[in-house]
Amino acid sequence: MTSRRYILVLFASLLAGALFGADRAPKPNIVFFFIDDLGWTDLGFMGSKYYESPHIDKLAKDGMVFMNAYANAPNCAPSRACLMSGKYSPRHGVYTVGNSDRGLSKHRKLIPIKNTTHLAKEFVTMGEALQHGGYVTATMGKWHLGDDPTTQGFDVNVAGKSWGSPSGGGYHSPYKYPNLENKEKGEYLTDRLGVEACKFIETNKDKPFFLYLTHYAVHTPIQAKPELKEKYQSKKPTERHKNPAYAAMIESTDDSVGAVLATLSRLELADDTLVIFFSDNGGHGGVTSNAPLRGSKGMLYEGGIREPMIVKWPGVTKPGSICRENVIGIDLYPTLLEATGSPSPKGYELDGVSIAPLLRNAEAKLSRKAIHWHFPAYLQGYTARHGHFRTTPAAATRMGDWKLIEFFEDGVLELYNTAKDLSETNNLAKENPEKAQELHAAMLAWRKAVKAPFPTELNPEYASGNAVPSPNKPKRRKKKGDKKKP
């Protein structure tokens, strides 16, 4: 560490030393890899035998893996708004992507809650808080929360705007993004973002930096580098994973992660850098399988919200450790404030809790009672098994091993023990009404505390004759002796 940087971080060392040990770098660099639509089992270290991710797998081996890590929401924009603001969706009103009345009106029983598409400037972002704490900040890739992240806490913006997926030619140039333009044909966006990230690290190696590398990958459109796609076309697929173009996109993302980690090592910054790897929501059900988890992107079942997550912090996290405590994206904001000795924004309430105790000890427990999701919107289906909707307006709460989902159209409650029933196949709400009532009471109390609106107004265009069984409820298998209905 240079003398210049030592002076910059000396004061923070007094704050962080007691918590993390006086012998380590007191104000670490932060590299946050945030991947789009990456499913829970889409990586080698999470069990995939088809997709290849050697650099991310090594990061998992060198860091701490969180097996019960959750996105803040089942799709992109609200998950990111919560991450950046440190607040649950009802606080900022970003519930979904675009409009909340997706799908045909005649199939929607309720009038959904109106959605906000941008994160308002009144919210103090993670970037702004770290700027105030002495960090130079950069976002590279998908922003999806407004037109210009440099107005919300980032000194550098590469390719970030309100877009939710790659614009123009998609992942292949020619393309034009803020601070990233290439008129020649053939450059791959994921590769270029990795290059830009490495340049940022090189430029800022002598000062504390926060790099938010938020890849557009592996979001649709599914576009891969031809040579990598060809590699996976010749590889034997598995029952769950079999899409060669998607596999190639994962490998390109992994290569980008590897390039950044190699740059940290080359510049002798690896030991002074806190690295986070996370995804914004579950895998796209038309592209990959989230099995054994039920559901996919856009659903409050585990496949829509449970994510692969790694934290590596040399001297704090134990290499190869596994944490099974429930954590959620909003926890990362207070965690980074505590880890960097940065002051919490004055008068600004954070909904998450610091997971610093878990980073020190994977067996530690957090004191909160539950974590929550609120999704008062409709999302149309994109596969035959979804029916009209992936989800109707709903909410969920997880408390320990138990998880409750409430569907607002009909008030149905679904209760699952995720430790015994990872695939959420056995609804225990009627079998265990006391536990269902306990979780529902916690959900209602939280909903009241955050002033969460939920839809109650009936849609006058709803045609009950066109209604179909909700995709949220599994169909009952016919038993021998069942009579056909007339």
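**The chain as a whole**

The model is predicted. Its chain contains 12 helices and 17 strands. There are 486 residues, and 59% of them count as buried. Consider contacts between residues with a separation of 6 or more: 69% of these link residues 24 or more positions apart.

**Helix 8 and two of its partners**

Helix 8 covers residues 244-266, and helix 7 covers residues 226-233. These two pack at an angle of about 125°, and their axes are 8 Å apart. Helix 7 and helix 8 are therefore oblique to each other. Their crossing is right-handed.

Which residues meet here? Helix 7 brings Leu 228, Lys 229, Lys 231, Tyr 232 and Gln 233. Helix 8 brings Pro 244, Ala 245, Ala 247, Ala 248, Glu 251 and Ser 252. By class, the residues of this contact of helix 7 with helix 8 are 6 nonpolar, 2 polar and 3 charged.

Helix 2, residues 54-62, also packs with helix 8. The angle between helix 2 and helix 8 is about 55°, with the axes 7 Å apart. Angles under 35 degrees count as roughly parallel and 65 to 115 as roughly perpendicular, so helix 2 is oblique to helix 8. On the helix 2 side, the contact uses Pro 54, His 55, Ile 56 and Leu 59. On the helix 8 side are Asp 254, Asp 255, Val 257, Gly 258 and Leu 261. The contact of helix 2 with helix 8 has 5 nonpolar, 2 polar and 2 charged residues.

**Buried residues and their contacts**

Is Lys 403 buried or exposed? Lys 403 has 0% relative accessibility, so it counts as buried. Lys 403 sits in strand 16, residues 402-407. A polar atom of its side chain lies 2.6 Å from the backbone oxygen of Leu 300. The side chains of Lys 403 and Glu 302 are joined by a polar contact of 2.8 Å.

His 372 belongs to strand 12, residues 371-375. Its relative accessibility is 6%, so His 372 is buried as well. The side chain of His 372 makes a polar contact of 2.9 Å with the side chain of Thr 397. Leaving aside residues up to four places away in sequence, His 372 touches several others, including Tyr 88, Ile 328, Met 443 and Trp 446.

Ala 356 lies in helix 11, residues 356-360. Ala 356 is buried, with a relative accessible area of 0%. Glu 338 is 18 residues away along the chain, and the C-alpha atoms of Ala 356 and Glu 338 are separated by 7.6 Å.

Most residues other than glycine have a negative phi, and most peptide bonds are trans.

| Residue | Phi | Relative accessibility |
|---|---|---|
| His 144 | near 70° | 8% |
| Ala 159 | about 75° | 0% |

His 144 is in the loop between strand 3 and strand 4. Ala 159 is in the loop between strand 4 and strand 5.

Where are cis peptide bonds found? One joins Ala 217 and Val 218, with omega about 10°. Val 218 falls in the loop between strand 7 and helix 7. Another runs from Ala 291 to Pro 292, with omega near 15°. Pro 292 is in the loop between strand 8 and helix 9.

How values were computed: Residues numbered from 1 in each chain as written. Predicted model: local features only at pLDDT ≥ 70, side-chain atom pairs only at ≥ 80, totals over all residues. Heavy atoms only, no water. Axes fitted to C-alpha atoms, helices over the stretch in contact; angles between N-to-C directions. Helix = DSSP H or I, 4+ residues; strand = E, 2+ residues; numbered from the N terminus. Parallel < 35°, antiparallel > 145°, perpendicular 65-115°, else oblique. Left-handed = near helix turned anticlockwise from the far one by under 90°. Contact = heavy atoms within 4.5 Å. Nonpolar A, V, L, I, M, F, W, Y, C, P; charged D, E, K, R; others polar. Buried < 20%, exposed > 50% of the residue type's maximum accessible area, 1.4 Å probe, protein only. Polar contact = N/O pair within 3.5 Å; in protein donor to acceptor, adjacent residues only side chain to side chain.
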